[in-house]
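Biologist: Could you walk me through this model, starting with how its helices pack?

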Amino acid sequence: MGVTFDTGALIGLERRRSRMLAVLRTCVTKRVPITVPAPVFMEWWRGRTDVREQIVDAIIVEPLTPELARTVGEALAELPAAGAIDAAVMASAALRGDVVYTSDFDDLSRLQRLFPAVRVLTA
């Protein structure tokens, strides 16, 4: 089991929010993998900075595989109002049994109906 970060969690790290820094430290210390789906990475990345590079060194960027894309598409068919990136976060985490850290708790918690094993925590 690991953790999956959404865009808000990455922004929290970038802005040095104490909660997310504590999560990062705990994950690194305990060797808990931190996964970021590629669509989240695309949404977050706005060019190189030293802080962003430090974050990149601590995460695994998960590619958008056909399997993940299908799962996201099926989730969007069930909940058309959900965002594709939010669905990618939840589908990605569900594949591994991860906990999700998000700044968008309400939207991701709505997707829990489709991914009941995923625990969503506020970043």
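Predicted model: local features only at pLDDT ≥ 70, side-chain atom pairs only at ≥ 80, totals over all residues.

Biologist: How are H1 and H2 oriented where they pack?

Modeller: Helices here are DSSP runs of H or I with at least four residues, and strands are runs of E with at least two, numbered from the N terminus. The axes of H1 (residues 7-14) and H2 (residues 18-29) lie 8 Å apart, at an angle of about 95 degrees; axes are lines fitted to C-alpha atoms over the stretch in contact, with angles from 0 to 180 degrees between N-to-C directions. Since 65 to 115 degrees counts as roughly perpendicular, H1 is therefore roughly perpendicular to H2.

Biologist: Which residues of H2 make the contact?

Modeller: Contact means heavy atoms within 4.5 Å. H1 contributes Ala9, Gly12 and Leu13, and from H2 come Met20, Leu21 and Leu24.

Biologist: Is Thr35 buried or exposed?

Modeller: Thr35 sits in strand E2 (residues 34-37). Beyond its neighbours within four places in sequence, Thr35 contacts residues including Val3, Phe5 and Ile60. Buried means under 20% relative accessible area, exposed over 50%, and partly exposed in between (1.4 Å probe, protein chains only). Thr35 has 5% relative accessibility, so Thr35 counts as buried.

Conventions: Residues numbered from 1 in each chain as written. Heavy atoms only, no water. Parallel < 35°, antiparallel > 145°, perpendicular 65-115°, else oblique.
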